[in-house]
Amino acid sequence: MIVDERFLSELVAFCRSKVPSDPNLTVYEAARLLRQLEDGVAISDISCKMMVSSVMAALGFLYYKGVLNVNREECTVSTPEIEWNVKSFIELEIKGVSRLLPQREAISRLLRKRDVEIIFEFSQLPINVESLMRKFALMQSFQDIDGKDVIFIGDDDFMSVVCSLLGLPRRVVVVDLDERLLEGIKELSDEHGLNIETVKHNLIHPLPKELQGSFDTFCTDSPHCLGGILLFVSRGVSALKRDVETAGYFVFQTVNEPLLMEFETRQRLVKLITNEMNGVIQCMLPASIKYITPRDEKEKLMDVFLNAVKEPSLDDYFKRIEEALRPSSRFIEFYPEFSMEAALIARVAFRKPKPLIEGDYDKEAEKKYGPVYSWAIIEKHIAEKS
Ligand SMILES: C[S@@+](CC[C@H](N)C(=O)[O-])C[C@H]1O[C@@H](n2cnc3c(N)ncnc32)[C@H](O)[C@@H]1O
């Protein structure tokens, strides 16, 4: 037993005080890590179930409370009972995942292949490998992949490749504007015999006729603003088959961001999807998506942790971790200000899907729902401020 009552209540108080500014360290995540440590589970098992930064935050807390020892030379963390030898959390994630899934090498190649310069004008920002796996697991648990016709509305994540490598979809189509991504997906598809179809198309315009009404599942991670979500989800909805039960996945933020998604905006979004597009929200997985630049993904996160625990206090530790994990693209330099991290995946079921935006996203649509790209909103705000 490594935890006593007093320690647990201190932990709860600490986490509560931390929650508003750090969506990664919730009482729930820290308590879950403690429980797992108590059970002597391997860290790889933990990190394939928890966000990496939650693991880091909780490990830091335990270290500063004297519950964990850290050996920098040996790269180990230990309690009096158990010792873990770990080199990189990312390696651990992949290890953890690969124990369940056989395509480890292919996933590593996928991460390398999608590591292209981000076009921030297209709101590109891939999710990390952990989030890819979570998303796959969620879609698979609802039986939305195997034997299904699946369309990806924008795919800088290469989620289409993950689903094809790890699942058994009948048909997979990716629609995107960025040829570099489509080529990368095509190459991986050819290499692994996945038969993914890629279509270059600007989603400002309706989907090509032959893609409409043909799919069981759509998946999108749109720009994070009302206009962007409604446009990408509308295109996904237009791709769904009619009169059978189908599903769509989209992502939105759960925190109030004055410029992008305030409470009222989220309320409006959900109402439009259910009332106007005839969707039933069946599941929302909180804090399930984390964005990271591919370059950061290669960083040895354990090194970050080992260096950060040299800081004299827990607060300094958190500052250090936050800096180290902060991605570098221009778009997300504003990341901390906008706390993009606490994004959730929503699954919506449809029977009589009806896209809200049927024609082009024109001036009229923009007047009603705002711009499509979140960066445009942020840039405007920054220009006004300076
Ligand atoms: C919009 S990004 C989303 C990234 C992430 N959710 C974010 O905003 O932080 C997802 C994909 O949509 C593609 N995309 C952006 N605008 C598009 C457009 N007008 N037509 C087609 N694809 C587009 C991007 O190339 C990218 O691959």
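A residue is near a molecule if its C-beta atom, placed from the backbone, lies within 6 Å of it. In this predicted model, 20 residues surround the ligand.

**The ligand shell**

- The closest of the surrounding residues are Leu125, Gly154, Asp156, Leu177 and Leu203.
- Sorted by class, the shell around the ligand comprises eight nonpolar, seven polar and five charged residues.

**Helix 7 and helix 8**

- Helix 7 spans residues 129–141 and helix 8 spans residues 159–166.
- The two helices pack at an angle of about 55°, and their axes are 10 Å apart.
- Helix 7 is therefore oblique to helix 8.
- The crossing of helix 7 past helix 8 is right-handed.
- On the helix 7 side, Leu132, Lys135, Phe136 and Met139 take part in the contact, and they meet Met159, Val162, Cys163 and Leu166 of helix 8.
- By class, this contact between helix 7 and helix 8 has seven nonpolar residues, one charged residue and no polar residues.

**Leucine 68**

- Leucine 68 lies in the loop that runs between helix 4 (52–64) and strand 1 (69–71).
- Leucine 68 counts as partly exposed because it has 19 C-beta neighbours inside 10 Å, whereas a buried residue would need 20 or more.
- Apart from neighbours within four places in sequence, leucine 68 is in contact with Leu59, Leu62, Tyr63, Val77, Ser78 and Thr79.
- Leucine 68 and threonine 79 are eleven residues apart in sequence, and their C-alpha atoms are 5.1 Å apart in space.

Methods:
Residues are numbered from 1 along each chain as its sequence is written. This is a predicted model: local features need pLDDT of at least 70, side-chain atom pairs count only at pLDDT 80 or more; totals for chains, interfaces and linings use all residues. Ala, Val, Leu, Ile, Met, Phe, Trp, Tyr, Cys and Pro count as nonpolar, Asp, Glu, Lys and Arg as charged, and the others, Gly among them, as polar. Axes are lines fitted to C-alpha atoms, for helices over the stretch in contact, and angles run from 0 to 180 degrees between N-to-C directions. Helices (H or I, at least four residues) and strands (E, at least two) are DSSP runs, numbered from the N terminus. Angles under 35 degrees count as roughly parallel, over 145 as roughly antiparallel, 65 to 115 as roughly perpendicular and the rest as oblique. A crossing is left-handed if the near helix is turned anticlockwise from the far one by less than a right angle, and right-handed if clockwise. Two residues are in contact if their C-beta atoms, placed from the backbone, lie within 7 Å. A residue is buried if 20 or more other C-beta atoms lie within 10 Å of its own, exposed if 12 or fewer, and partly exposed in between; C-beta atoms are placed from the backbone.
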